[in-house]
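Here are some brief comments on the entry below. Please read them alongside the sequence and the coordinates.

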Amino acid sequence: LAIRDIARTIARPHAFVLALVGALTGGVGLFVMTAWLLVKGGATTGAHLQLLGQYFYGYSVTWTGCVVGLLYGALVGAVVGWCIGAIYNLVVGLRE
């Protein structure tokens, strides 16, 4: 009986907390990647990362692009984190 109760007790993370973690990870991650390429320098700085400008309007591998990337990364990370939390909690709710 106790093992069944333990198996039914599943942690249900808050979707808001996962959104916050995703926003921090995505925003800071894209900021650091862009800043790293700018500090590193070179003839073709960030040719692959530059392609994100096709999806994120205003993003480029510049110092201004670092801030724009921080905002876009935070937005995308928050949406993905919230969706994961909401879907996970929905599946857990269906199992109960």
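1. Bear in mind that the model is predicted.

2. Trp63 belongs to helix 3. Setting aside residues up to four places away in sequence, Trp63 touches Ala35, Leu38 and Val39. For one of these, Ala35, the C-alpha atom is separated from that of Trp63 by 7.1 Å, although the two residues are 28 apart along the chain.

3. Helix 3 covers residues 63–95, 33 residues in total. From its first C-alpha to its last, helix 3 reaches 48 Å, which is close to the 48 Å expected at 1.5 Å a residue.

4. Which residues of helix 3 are buried? They are Gly65, Cys66, Gly69, Gly73, Gly77, Gly81, Gly85, Asn89 and Val92. The partner against which these buried residues pack is helix 2, residues 15–40.

5. Thr34 lies in helix 2. Is Thr34 buried or exposed? Its relative accessible area is 0%, so Thr34 is buried, the limit for that class being under 20%.

6. When neighbours within four places in sequence are left aside, Thr34 is in contact with Leu49, Tyr59, Ser60, Val61, Thr62 and Cys66. Of these, Cys66 is also listed among the buried residues of helix 3.

Note on methods:
Residues are numbered from 1 along each chain as its sequence is written. This is a predicted model: local features need pLDDT of at least 70, side-chain atom pairs count only at pLDDT 80 or more; totals for chains, interfaces and linings use all residues. Side-chain values use heavy atoms; hydrogens and water are left out. Helices (H or I, at least four residues) and strands (E, at least two) are DSSP runs, numbered from the N terminus. The expected span of a helix is 1.5 Å times one less than its number of residues. Buried means under 20% relative accessible area, exposed over 50%, partly exposed in between (1.4 Å probe, protein chains only). Contact means heavy atoms within 4.5 Å.
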